[in-house]
Structure formats: structure tokens, C-alpha cells
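Colleague: I'm new to this one and would like to learn how to read it. Could you take me through some features, one by one?

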Amino acid sequence: MKFTVKQIATLLGGEIAGNDSLPITGLAKIEEGKPGDISFLSNLKYEPFLYTTQASAVIVDQSFQPKKPVSSALIFVENAYSAFTQLLEEYYKQLSFSRVGVEQPSYVGDGTTVGERIYRGAFSYIGTNCTIGENVKIYPHAYVGNNVRIGDNSIIHPGARVLDNCIIGQHCVVHPNAVIGSEGFGFAPQPDGTYKTIPQLGNVILEDFVNVGSGTTIDCATMGSTIIRKGVKLDNLIQIGHNVDIGENTVIAAQTGISGSTKLGKNCVIAGQVGFSGHLTIANGTKVGAQSGVGKNVVEEGTSLNSSPAFGLKESMRSLAIFRKLPALEQRLSNLEKKNEN
């Protein structure tokens, strides 16, 4: 990355105070900025660093007025945090999509078509009859099975696995060691106490703009598809069972487990270590607190849940407050019993 302050201000639609020709080669926190870096100030708690930072430029809100002289060039924008996020996105695109070409050894099976500006890292594997879109990046040691479709501008990071028949949309990111399309957990109990494996014949579909974190596993459907819909963001180390359907723009934090055939609505927010039972339907906009256990359907949109088993957030908070007081209440009860005995 190498731009001038002026070029960055133009990208962000900002106004400049200071030297607009300074070169920018990196991004940094305001307290760690050095010449060539650009940073931002949105939380006034960090304002003292503005007057000591060595960063060449700092993005600030339009309403901000410095209290002391500033050596850095200032870029005034409507919202400094959002503007810096936009800059990070551009920087990420440059880093992620700069690689083009084929490293050897790598493998592509018969009948597979590959788009332009693709990158295939060393030891990557693409099976037969696949369709790989334009500007797709498949990093070293990534595996793409047979009959897979990957849309334009998607990234399969090192060690990730996309198994047979799965479909990856456009602008998706599958992070290292994630597994898309592993066999669903399906076993039929037998009269003798053993279990017989139920074949899992379906696939996984990731719609556009889906992010899958490192170590996350999404099981293929028994029949049909496990579907992760447009804009879903999955953290690291999540387990998604067979035939699960996750609605658009839902975000799920690490170590959550979703049992088979559960359907989450749109715009849900699921904190870490949440567990969902199977065959549930969860309404749009549901929020679930960390380490909660959801064992029944959520019908009302916008519901907030907490605890295990999960129930209403406000009721949960009141219950926890009472729970903390139980030792004192028990002591009071004991004292009353002693008085009555006397």
C-alpha cells in the first residue's frame, strides 16, 4: 500500500488540514503511529496521543477541534471510525487479491473450469467438474472437492476444505482449517445397542458475502442442503449441523454449536458458546447471550435470551441477582429459625 494523504482523503470524501502530499505506506493505532502511517481518532479518551503520535496522518471527525498543535496531517470526515474501517477494507482487498497465478505443485481435475485472475497456491487441490469464478484465491494446502462451485472474488485460505458438491457464493471468505461439507452426525440406533451410519448425501451452500472462521465446521445435509445465507459472519470454532439454515446477516461468535435441522432467522446475534437443540425455529433478530442453551422455538422477533436453559434476558438478569443473594438470604432464614426456637 502506497498512497498520498490527498488520495486517501479523496477515497474517504474528507477534507485535509496539513501536508496533503505525504506518502502513506501503512496503518497503525494512534499511540503506535510512525512516519508513513495513517491512524484515526474517534474515542476522545485517546486524544492525548494525537499530540504525540508520529503518524503522518490521522483521520478525525468533522466536529473535532484540536486543543494543541498537531504535527500530523488531519483528514476530517463525517465519522472517523467508519472511515478508517473503509480504509482497512481497501487495504485488505489489496493484500488478499494481489496474488495472481499458479504455484506448483498444484492439481486441477478433469472438467474443471477456472476464471481469470485466479490464484492457486502450492499443494492446493481442485477436483473434477468444478467451476471456479474470476479473481478467486485458493491458498496453499487448500482442498476443493469434486463438483464444487466457487463464485467470483471468494477466498479459500490455507488448509481449508470444501468438500464434494458444495457451493460457495461470491465474495465469500473461508478461513484456515475450516471444513465445508463434512459428513453430518447421523446414526441410527440398532436393537443390539450399536449404531448404524446414516449416509449424508446433501451439500452445503454458502450464499454471497459469507465469512467462515478458522476451524469452523459446517456439515452437509442428510438430503438437500445446509444453507448459510447472504451476509452471515461465522467466528472461529463453530459447529453447524446437517440441514441447518442460517438467515441473512446473522452473526455467530466462537464455540457455538447448532444441532441439525435448526433454522435461525435474519439478523440474529449469537454470542460465544451458545448451544442450540435440533429442529428449532429461531425468529428474526433474536439475540442470545454467551453460554446460553436454547432448547425451544423462539417465535417473537427481536427476543433477547440468556442463561441455560435460555429464557428472557430481563428475567434472567433478575434471577441472577437473586441467585447471588441466596447465601445471605439463607443466613437470614437460619437466624429467624433460631429466634423462633428460642
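Colleague: Is Glu47 buried or exposed?

Modeller: Keep in mind that this is a predicted model. Glu47 counts as buried, because its relative accessibility is 8% and the cut-off for buried is under 20%.

Colleague: Which residue forms a salt bridge with Glu47?

Modeller: The general idea first: side chains of opposite charge can pair when their charged atoms come close. Here the partner is Lys67, and the closest N and O atoms are 3.2 Å apart. The pair links distant parts of the chain, 20 residues apart: Glu47 sits in helix H2, Lys67 in the loop between strands S6 and S7.

Colleague: How many salt bridges does the structure hold?

Modeller: Six. Another one joins Glu134 to Arg117, with 3.6 Å between the closest N and O atoms. Glu134 is in the loop between strands S13 and S14 and Arg117 in the loop between S10 and S11, so the pair ties together parts 17 residues apart in sequence. Both ends are partly exposed: Glu134 at 34%, Arg117 at 44%.

Colleague: Which residues are linked in a network of salt bridges?

Modeller: Glu207, Arg229 and Asp245. Take the bridge between Arg229 and Asp245: the closest N and O atoms there are 2.8 Å apart. Arg229 lies in the loop between strands S27 and S28, while Asp245 belongs to strand S30. Arg229 is partly exposed, at 26%, and Asp245 is buried, at 13%.

Colleague: Okay, on to helices. At what angle do H1 and H3 pack?

Modeller: Two packed helices are described by the angle between their axes and the distance between the axes. For H1 (residues 5-12) and H3 (residues 80-97), the angle is about 110° and the axes are 10 Å apart. That's why we call H1 and H3 roughly perpendicular to each other.

Colleague: Which residues in H1 and H3 meet?

Modeller: From H1, Ile8, Leu11 and Leu12; from H3, Ala83, Gln86, Leu87 and Glu90.

Colleague: And the surface? Which residues make the nonpolar patch?

Modeller: Ile322, Phe323, Leu326 and Leu329 make a nonpolar surface patch of about 400 Å². Phe323 is placed in helix H4 (residues 313-341). Phe323 counts as exposed because its relative accessibility is 58%.

Colleague: One more: what is Glu15 in contact with, leaving aside its neighbours within four places in sequence?

Modeller: Leu74, Ile75 and Phe76. Glu15 itself is in strand S2 and is exposed, with a relative accessible area of 58%.

Key:
Residues are numbered from 1 along each chain as its sequence is written. This is a predicted model: local features need pLDDT of at least 70, side-chain atom pairs count only at pLDDT 80 or more; totals for chains, interfaces and linings use all residues. Side-chain values use heavy atoms; hydrogens and water are left out. Patches are made of residues with over 30% relative accessible area and no salt bridge: like charges are joined within 9 Å, nonpolar side chains (Val, Leu, Ile, Met, Phe, Trp, Tyr) within 5 Å. Accessible areas come from the Shrake-Rupley method with a 1.4 Å probe; for residues, only the protein chains shown count as cover. A salt bridge is a side-chain nitrogen of Lys or Arg within 4 Å of a carboxyl oxygen of Asp or Glu. Helices (H or I, at least four residues) and strands (E, at least two) are DSSP runs, numbered from the N terminus. Buried means under 20% relative accessible area, exposed over 50%, partly exposed in between (1.4 Å probe, protein chains only). Axes are lines fitted to C-alpha atoms, for helices over the stretch in contact, and angles run from 0 to 180 degrees between N-to-C directions. Angles under 35 degrees count as roughly parallel, over 145 as roughly antiparallel, 65 to 115 as roughly perpendicular and the rest as oblique. Contact means heavy atoms within 4.5 Å.
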